[in-house]
Structures are given as structure tokens and as C-alpha cells.
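Student: I would like to learn how to read the features of a model like this one. Please give the general idea each time, then the case at hand.

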Amino acid sequence: MWSAVAAAILVPLAAASASPLLAWREPIYIVAGFAGIIGMALMLIQPLLIAGYLPGVSGTIGRRVHRWIGGCLALAVIIHVAGLWITSPPDVVDALLFTSPTPFSAWGVIAMWAVLATTLLALLRKRLRLGPRIWRRIHLSFVVVIVTGTVVHAVLIEGTMEEVTKLVLCALVLAAALRVVTRFGRLALRSSPRGSQSTTAKGRAEMEKSGDGRPGRT
């Protein structure tokens, strides 16, 4: 599993680093572009972590790493947007205002706001007193927006990423996210506000494994 994940991440990065388009780009622009690629790679790791599919980092360790990678994902998004802002402020302004003539810009902005909103809610979860079931539903909803927006954003861009490896990475991100959203989404939908009485024993075990079955978990 680790070898497969490493290949899925490193091969697109290597292919992008060999792109002839990099010769015409400023260093800041290149950093911003690769921050976007790394952000997408982190989106592949996140669902695998929370579902316990990566050997050696399941359970409590997996949840802790999941939170750290979530922070790294938000940082990658900030670097991506900040780098583009430095190199071309008008284009970023048009994208943020949804007036850009390039369709991929709107999808990227939607995904960006969803990532930042998820990060903010995760930081304020205890203060807002979001219970595990409510947090699960909100988080999964944002995951759908983030993954959909990011994948469409990446597919529509004709840039430094090599087409085949880009499409494979996008497909893997979609598959991993769909697996987790389907698996944990069913648990969230059938959980009643009254508590665990309407939740099956298998459902409770799934919640505890993912870290959302105990009050106070983030």
C-alpha cells in the first residue's frame, strides 16, 4: 500500500518537474504550481489515513497524522494562491471574484474556500461544541466540495502536469474520497440525535475506529 501511494504521488511530481513549460516560468510561479500538486497528493493520503488503510498509522496515530496533514493541505493551498498572487495579481483577483474567463479558476476558488472553512471549523470545533455526528456530516460535505472542485480544477488546466499521470492521480483521489464518504456517510445519516440507540454495533465500532465516536475528539 505504501509503495502504491508513493508511486501515485512521486510519478506525477517527477513528470511535472520534467515539463518544458518550467523553463519559461518564474521561480515563485513554479513553487506555487508544485504546492498545488502537493496539495492534491495530500488529498489522496487523507481518506486513506482516516479509514485506516495505511499500515502503521491506523487508529489514534492515523487520526493524529490526519489532522497534521490537514494543516499541511491548508498551507499548500495558501502557498499556491499566494504565489500566483505575487506573479499575477489581476488573474487572482478575477478568480476570487469569479470573473475570470478561464473555467478552471472558479473550481479552484471553490475548493480553496472549502479547505480553509474546514480548517477553521476543525480549529474551532470544541469552542463551537460540534458533536461527533454533526462534525462528521459537515466534514464529509466539505470533502465532497474540496475533492470535486480540485479534480475539475486540475483536469481543466493545461499546465506543467503531464496529462496521463495527472488523470491517474485525479482518479485515485476521487476513488479514495468516494470510498470514505460512502462508508462514513452512511453512518452519519443513520445516526439519530438521540444518541447511539439507533446505531448498530458495527456502526459504533466504525465511529470509534475513525475517532468520531468519542466526545471531544477533533
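Tutor: Start with residue classes: Ala, Val, Leu, Ile, Met, Phe, Trp, Tyr, Cys and Pro count as nonpolar, Asp, Glu, Lys and Arg as charged, and the others, Gly among them, as polar. By those classes, the lining of the largest pocket has 24 nonpolar, 14 polar and five charged residues. This is a predicted model, in which local features need pLDDT of at least 70 and side-chain atom pairs count only at pLDDT 80 or more, while totals for chains, interfaces and linings use all residues. Residues are numbered from 1 along each chain as its sequence is written, and side-chain values use heavy atoms, with hydrogens and water left out.

Student: How is a pocket found, and how much space lies in the largest pocket?

Tutor: Rolling a probe the size of a water molecule over the atoms shows where empty space is left. On a 1 Å grid over the protein atoms alone, a pocket is an open set of points where a 1.4 Å probe fits, with protein on both sides within 12 Å along at least five of seven lines; lining residues have an atom within 4 Å of a point. Here the largest pocket holds about 1100 Å³ of space. It is lined by 43 residues, of which His80, Leu84, Phe104, His153 and Ile157 are the closest to its centre. Two or more lining residues come from each of α2 (27-50), α3 (59-87), α4, α5 (103-123) and α7 (132-156). The most come from α2, with 10 residues.

Student: Which residues form the salt bridge?

Tutor: Side chains of opposite charge can pair when their charged atoms come close. The rule asks for a side-chain nitrogen of Lys or Arg within 4 Å of a carboxyl oxygen of Asp or Glu, and the count comes to one salt bridge. Glutamate 163 pairs with lysine 166, with 3.2 Å between the closest N and O atoms. Both residues lie in helix α8 (residues 163-190), three residues apart, about one turn of the helix.

Student: What does alanine 111 show about distance in sequence and in space?

Tutor: Alanine 111 is in helix α5 and is buried, with a relative accessible area of 5%. Alanine 111 and threonine 148 are 37 residues apart in sequence, yet 7.7 Å apart in space, C-alpha to C-alpha.

Student: Which residues have a positive phi although they are not glycine?

Tutor: Phenylalanine 98 has a phi of about 60° and lies in the loop between α4 and α5. Its relative accessibility is 48%, so phenylalanine 98 counts as partly exposed. Arginine 129 has a phi of about 55° and is in the loop between α6 (125-128) and α7. At 77% relative accessibility, arginine 129 counts as exposed.

Definitions and conventions:
Grid points are joined across faces, edges and corners, and a volume is the space filled by probe spheres set on the points. Helices (H or I, at least four residues) and strands (E, at least two) are DSSP runs, numbered from the N terminus. Buried means under 20% relative accessible area, exposed over 50%, partly exposed in between (1.4 Å probe, protein chains only).
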